[in-house]
Amino acid sequence: AKIEAAEARVAETEAALADPELFSRRGHEVPQRTREADEAKRALDAVMARWEELEAKKAAWRKQQEEH
């Protein structure tokens, strides 16, 4: 659920940056929107790293169980 939420946030922030009106009519918002997109990407990277860490632990645990 956390990964999906983080992915959705990235998509949302990228869509906001892709809006042509952002640059043509609301240019003053660009720096904030860019920061939001960067933060969303970092948050996604963090939850993905945690997921990979947990998957590695699970695989190690399973391997240990198979050996016993």
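## Exercises on helix packing and salt bridges

In helix H3, the buried residues are Val30, Glu36, Ala37, Ala40 and Leu44. The exercises below use this predicted model.

**Exercise 1.** Find what the buried residues of H3 pack against, and compare the span of H3 with the span it should have.

*Solution.* 
Step 1. Take the buried set, which includes Ala37 and Leu44.
Step 2. Look for their partners: the buried residues of H3 pack against H1 and against helix H2 (20–24).
Step 3. Turn to the span. H3 has 38 residues, which at 1.5 Å a residue should span 56 Å.
Step 4. The end C-alpha atoms of H3 are 55 Å apart, which agrees.

**Exercise 2.** Identify the buried residues of H1 and work out how they are arranged around the axis of H1.

*Solution.* 
Step 1. The buried residues of H1 are Ile3, Ala6, Val10 and Thr13.
Step 2. Viewed down the axis of H1, these buried residues fall within an arc of 95 degrees, so they line one face of the helix.
Step 3. The buried residues of H1 pack against H3.
Step 4. As for span, H1 has 17 residues and reaches 24 Å from its first C-alpha to its last, close to the 24 Å expected at 1.5 Å a residue.

**Exercise 3.** Decide whether Thr13 is buried or exposed, and list its contacts beyond four places in sequence.

*Solution.* 
Step 1. Thr13 lies in helix H1.
Step 2. The relative accessible area of Thr13 is 3%. Buried means under 20%, so Thr13 is buried.
Step 3. With neighbours within four places in sequence left aside, Thr13 is in contact with Glu36, Ala37 and Ala40.

**Exercise 4.** Classify Glu14 by its accessibility and state how far apart Glu14 and Thr34 are in sequence and in space.

*Solution.* 
Step 1. Glu14 is also found in helix H1.
Step 2. Its relative accessible area is 38%, so Glu14 is partly exposed.
Step 3. Glu14 and Thr34 are 20 residues apart in sequence, and their C-alpha atoms are 8.7 Å apart in space.

**Exercise 5.** Count the salt bridges in the whole structure. Then examine the pairs Arg9 and Glu12, Arg33 and Glu36, and Glu53 and Lys57.

*Solution.* 
Step 1. A search of the whole structure gives 10 salt bridges.
Step 2. Arg9 and Glu12 meet through their side chains at 2.5 Å, N to O. Both residues lie in helix H1 (residues 2–18), 3 residues apart, about one turn of the helix. Arg9 has a relative accessible area of 33%, so Arg9 is partly exposed.
Step 3. Arg33 and Glu36 form a salt bridge at 3.6 Å, N to O. Both lie in helix H3 (residues 30–67), 3 residues apart, about one turn of the helix. Arg33 is partly exposed because its relative accessible area is 28%.
Step 4. In the pair Glu53 and Lys57, the closest N and O atoms are 3.5 Å apart. Both lie in helix H3, 4 residues apart, about one turn of the helix. The relative accessibility of Glu53 is 37%, so Glu53 counts as partly exposed.

Methods: Residues are numbered from 1 along each chain as its sequence is written. This is a predicted model: local features need pLDDT of at least 70, side-chain atom pairs count only at pLDDT 80 or more; totals for chains, interfaces and linings use all residues. Side-chain values use heavy atoms; hydrogens and water are left out. A salt bridge is a side-chain nitrogen of Lys or Arg within 4 Å of a carboxyl oxygen of Asp or Glu. Helices (H or I, at least four residues) and strands (E, at least two) are DSSP runs, numbered from the N terminus. Buried means under 20% relative accessible area, exposed over 50%, partly exposed in between (1.4 Å probe, protein chains only). The expected span of a helix is 1.5 Å times one less than its number of residues. The arc is that of the directions from the helix axis to the C-beta atoms. Contact means heavy atoms within 4.5 Å.
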